[in-house]
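Visitor: I would like to go through this model and ask what lies behind the terms used for it.
Guide: Go ahead; the terms will be set against their cut-offs.

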Amino acid sequence: MNKRHNKRKFLLFLLAVLFLSFCLIKYTVDFDNTPVPITVNVPDINQETAVQFAVIGDFGWNSQSAQAVADLVLSWQPDFIITTGDNNYPDGSAETLKANVDQYYGDYIADGRFFPSLGNHDGYTNDAQPYLDFFPISESKANTGSSNNERYYDFVQGPIHFFVLDSTTNTPDGATAESIQAQWLKTQVAASSSPWQVVYFHHPPYSSGVHGSSDWMQWPFAQWGIDVVFSGHDHDYERLVINGLPYFVNGLGGRSIRRFNYPILGSQVRFNDDYGAMLITADSSNMIVEFHAVTNRGTLIDRYLLTDGE
Ligand SMILES: [Zn+2]
């Protein structure tokens with residue numbers, strides 16, 4: 001009787017130890033990587049045809065960190081700005097758009113040089129109606145109008161044809177590889193004559209971050225002719241290469257910073273020491289993709305080169 005009791009006690013003790021070690025591993029092992037040294041040299045860019053743009057994600061939050069990112073982005077004087085979503089925390093309400101977005105990026109929005117994508121937070125009020133009313137997406141001269149809506153759309157800037165997707169799961173035209181939206185993408189990419197085809201949206205198809213991979217967005221992008229994919233949602237920066245296609249996650253635009261989980265296969269660079277934004281320079285044959293932290297008003301963290309846009 002006593003012996004059996006001791007055995008049970010020991011088993012319980014063992015279970016407790018196992019559980020505690022699991023917690024310890026999960027919450028203390030640091031998967032956050034210092035980035036690899038930058039070895040890529042900047043190629044000569046044809047200034048006549050080149051465009052330069054910034055990528056910000058998960059930024060829509062009236063705060064010092066959002067201000068620091070905006071200061072960095074505006075100091076670059078990019079030709080235009082694209083977003084990987086969550087433009088207006090916490091609920092995408094019309095009342096917060098001015099303080100969260102317009103005070104930082106109002107000039108670019110008014111100029112039609114701001115191209116947002118829909119995040120989950122943008123949709124929490126009236127199914128994203130404040131977002132759709134506020135951003136002049138269909139009024140932009142660059143917009144081709146091929147999608148006939150503002151939830152997903154495409155536009156051309158210099159040598160790049162951009163395809164902006166709505167990755168929120170309740171979207172009317174669907175957000176899976178078999179959806180109406182995906183059929184639109186496949187058709188429009190096939191018809192595009194630009195040197196580069198770039199796609200971006202909120203939920204990352206592959207991510208080592210807290211949210212992890214959004215498997216419904218794992219579409220056959222490479223097969224359809226896409227050169228690079230940008231997304232956000234996880235509040236970190238990550239560069240991955242999956243089946244030869246580069247994927248970037250950038251959610252360090254100002255809301256908060258989160259830790260990484262165990263790095264998934266294909267993850268090459270991970271950064272979450274500070275807020276930041278991406279700066280991309282492209283002509284018809286080279287695309288230089290960089291991530292800069294706001295540290296010291298701009299610190300280059302990662303540089304990746306895509307070649308042969310044609
Ligand atoms: Zn999100």
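**Sheet, helix and overall form**

Guide: Six strands form an open sheet in the order 3-2-1-11-12-13, with mixed pairing. Strands here are DSSP runs of E with at least two residues, helices are runs of H or I with at least four, and both are numbered from the N terminus. The model is predicted: local features need pLDDT of at least 70, side-chain atom pairs count only at pLDDT 80 or more, and totals for chains, interfaces and linings use all residues. Residues are numbered from 1 along each chain as its sequence is written.

Visitor: Why are strand 3 and strand 13 called edge strands?
Guide: Strand 3 and strand 13 (299–307) each pair on one side only. Two strands pair if DSSP finds at least two bridges between them.

Visitor: What makes strand 11 and strand 12 a pair?
Guide: Seven bridges join strand 11 (residues 276–282) to strand 12 (residues 286–293), and the definition asks for at least two, so they pair. The two strands run antiparallel. One of the bridges links G276 to A293 in strand 12.

Visitor: Why is T96 called partly exposed?
Guide: T96, in the loop between strand 2 and helix 3, has 19 C-beta neighbours inside 10 Å. A residue is buried with 20 or more other C-beta atoms within 10 Å of its own, exposed with 12 or fewer, and partly exposed in between, with C-beta atoms placed from the backbone. T96 therefore counts as partly exposed.

Visitor: Which residues of helix 3 are buried?
Guide: They are L97, N100, V101, Y104 and Y105.

Visitor: What makes the protein as compact as a globular protein of its length?
Guide: The protein has six helices and 13 strands. Its radius of gyration, taken over C-alpha atoms, is 21 Å, close to the 19 Å that the globule rule gives for 310 residues, so the protein is as compact as a globular protein of that length. The rule is 2.2 Å times the number of residues to the power 0.38. Of the 310 residues, 45% count as buried.
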